[in-house]
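Keep the sequence and the model in view while reading.

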Amino acid sequence: MTGKKTRYTLLIAMGLMLNSTTWATTSNLSLLVGNCEGCHGPQGSSLGPATPTIAGMAEDTFLDAMEEYQKDERPSTIMGRIAKGYTEEDFKQMATYFRKQPFVRYPQEVDASKAQQGQKLHEEYCEKCHEDNGFTDEDGSNILAGQWMPYLQFSLADFKAGNREMSKKMKKRLEKMLQAHGEKSLEDIVHFYSSQTEMKK
């Protein structure tokens, strides 16, 4: 009888330990993503205007960005300091979580004529990497469709000024677009991406 009671007690203890471990893991993840959601919005969908939505972001894209912030290789106002407080494992947990979240797009005031011109520029210079009008995130291209307009403007300004590293392909295409269409092309393409609220089937 004593043996049965001992085994029963051990089974209960093991169950409590497993539940405790699960709770701790869930609690830790909630804390990690909760810190991000303070700026990047519920489940990573930003309420704007200059903070990007990170919901749906490819895990490699997220991890690369965090590494660059941590090493001060990407300009930021606060992210560089924040990133230094996390471990590689923390970043992996956050990347997996945000990848699974839906990208919520909010209406923005866009200039229809600029968006129309921006679509032509996208098709000529950007579509090969930013497929489906910027809805697809492949090879670190990030999701552009529906991102907040000020964030896109700041990002393009950083790329143009050389404050953010870009691939040789992107650099070549950006320079080619600016040479052919001037500074106005940057504004046009921002209006186009910000106007994209639903992927066309």
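Q: How many helices and how many strands does the chain have?
A: This is a predicted model. From the N terminus on, the elements run α-α-α-α-α-α-α-α-α. The count is nine helices and zero strands.

Q: What share of the contacts with a separation of 6 or more comes from residues 24 or more positions apart?
A: The chain has 201 residues, and 38% of them count as buried. Among contacts with a separation of 6 or more, residues 24 or more positions apart account for 70%.

Q: At what angle do helix α5 and helix α8 pack?
A: Helix α5 spans residues 112-126, and helix α8 spans residues 168-181. Their axes lie 10 Å apart. The angle is about 135°.

Q: Which word describes the orientation of α5 to α8: parallel, antiparallel, perpendicular or oblique?
A: Roughly antiparallel needs an angle over 145 degrees, and roughly perpendicular runs from 65 to 115. The angle here is about 135°. Therefore α5 is oblique to α8.

Q: How do the residues of the contact of α5 with α8 divide by type?
A: From α5 come Leu121, Glu124 and Tyr125. They meet Arg173, Lys176, Met177, Ala180 and His181 in α8. The division is four nonpolar, one polar and three charged.

Q: Which elements give two or more residues to the largest nonpolar core?
A: This core has 18 residues. Those with the most contacts inside it are Leu152, Leu174, Met177, Leu186, Ile189 and Tyr193. The elements giving two or more residues are α5, α7 (149-161), α8 and α9 (184-195).

Q: Which residues does leucine 174 touch, not counting those up to four places away in sequence?
A: Leucine 174 is among the residues with the most contacts inside the largest nonpolar core. Leaving out residues up to four places away in sequence, leucine 174 touches Phe159, Met166 and Leu186.

Q: How many residues are in the second, separate core?
A: Its members include Leu32, Ile54, Met79 and Tyr86. The number is 17 residues.

Q: Does glutamine 196 count as buried or exposed?
A: Glutamine 196 lies in the segment after α9. Not counting residues up to four places away in sequence, glutamine 196 touches Arg105, Asn133, Phe135, Ala145 and Gly146. Its relative accessibility is 11%. The cut-off is under 20%, so glutamine 196 counts as buried.

Conventions: Residues are numbered from 1 along each chain as its sequence is written. This is a predicted model: local features need pLDDT of at least 70, side-chain atom pairs count only at pLDDT 80 or more; totals for chains, interfaces and linings use all residues. Side-chain values use heavy atoms; hydrogens and water are left out. Axes are lines fitted to C-alpha atoms, for helices over the stretch in contact, and angles run from 0 to 180 degrees between N-to-C directions. Helices (H or I, at least four residues) and strands (E, at least two) are DSSP runs, numbered from the N terminus. Angles under 35 degrees count as roughly parallel, over 145 as roughly antiparallel, 65 to 115 as roughly perpendicular and the rest as oblique. Contact means heavy atoms within 4.5 Å. Ala, Val, Leu, Ile, Met, Phe, Trp, Tyr, Cys and Pro count as nonpolar, Asp, Glu, Lys and Arg as charged, and the others, Gly among them, as polar. A nonpolar core is a set of buried Ala, Val, Leu, Ile, Met, Phe, Trp, Tyr and Cys residues joined through side-chain atoms within 4.5 Å. Buried means under 20% relative accessible area, exposed over 50%, partly exposed in between (1.4 Å probe, protein chains only).
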